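Hi everyone, thanks for coming.

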Amino acid sequence: GVSPHVGWGGILVAPRAWGAVRMAVSSMPCRVLGERSHRMLSMGPIVAAQKSLDSIVKLESLMKEDPVRIIAIWMEYHATKAACAAGVMSQAEYDTVLFRAKKCPVCIAPIRKGKGHMTMVAQFKDGKIFMTTLEDYQTKGEHAEPLMVASIHKDLLKEKELALVRVDYTEGLISKEESSLLLADVLFCYYDTETYKDVAKLNAGALDFDYELFINRLFIRQP
């Protein structure tokens, strides 16, 4: 799972985004967000232990397979493993997501919890996506710990036009299904052009960023 010693660092990355989020949630029903800080908080880079792709699978053997088989092997391998999940991006999706994430590294997405939801904050940094709860981030700031870290492996891009994604999450706080849905939603926010327009508003601190509309749009995607 995610190292318990990982923290959120103190380097300011996208401070303007928090003005929009803070304003959006301040007038919302409490739901599961709990007590919220009204401090402007920064999201910084996280230094986390990263497994190389060849430490997870036999890369040489995997390279001999066709893309369809590679996807099947990757997803099946993670299906029953504890505290991790998997995803896959095509070359086109990878190029679009990483290009847009450089401009707008911060995103939010919901996880259903009973009749409400828990809002998660995601930040792209150095080929990873770090995710924690909005509540934890607002109350602990740079000391908040990520509940999920998604590592994007680009080893197969050149020959197979695939990027393999591995998610490590904290068991007991997030389930395998929730981590898979959250990863899919975050990636969707970047490769879907209409949704990305709102991500750009969030990162710019635009006053017309509509928190409720954005979260509800992602809810519609979830089963």
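Let's start in the middle: the largest nonpolar core has 46 residues. By nonpolar core I mean a set of buried Ala, Val, Leu, Ile, Met, Phe, Trp, Tyr and Cys residues joined through side-chain atoms within 4.5 Å. Buried is under 20% relative accessible area, with a 1.4 Å probe and protein chains only. Helix H8, residues 176-191, gives this core its largest share, 7 residues; helices here are DSSP runs of H or I, at least four residues, and strands are runs of E, at least two, numbered from the N terminus. Another core, of 11 residues, lies apart from it, and Leu 62 and Leu 156 are among its members.

Quick word on the model: it's predicted, so local features need pLDDT of at least 70 and side-chain atom pairs 80 or more, while totals for chains, interfaces and linings use all residues. Residues are numbered from 1 along each chain as its sequence is written, and side-chain values use heavy atoms, without hydrogens or water.

Beyond four places in sequence, Phe 214 is in contact (heavy atoms within 4.5 Å) with residues including Cys 107, Ile 108 and Phe 209.

Now, Met 120: it sits in strand S3, residues 116-125. Met 120 counts as buried because its relative accessibility is 1%. Outside its four-place neighbourhood, it touches Cys 107 and Ile 108, among others.

Last one: Lys 160, in helix H7. What does its side chain reach at 2.9 Å? That's the backbone oxygen of Glu 65.

Key:
Buried < 20%, exposed > 50% of the residue type's maximum accessible area, 1.4 Å probe, protein only. Polar contact = N/O pair within 3.5 Å; in protein donor to acceptor, adjacent residues only side chain to side chain.
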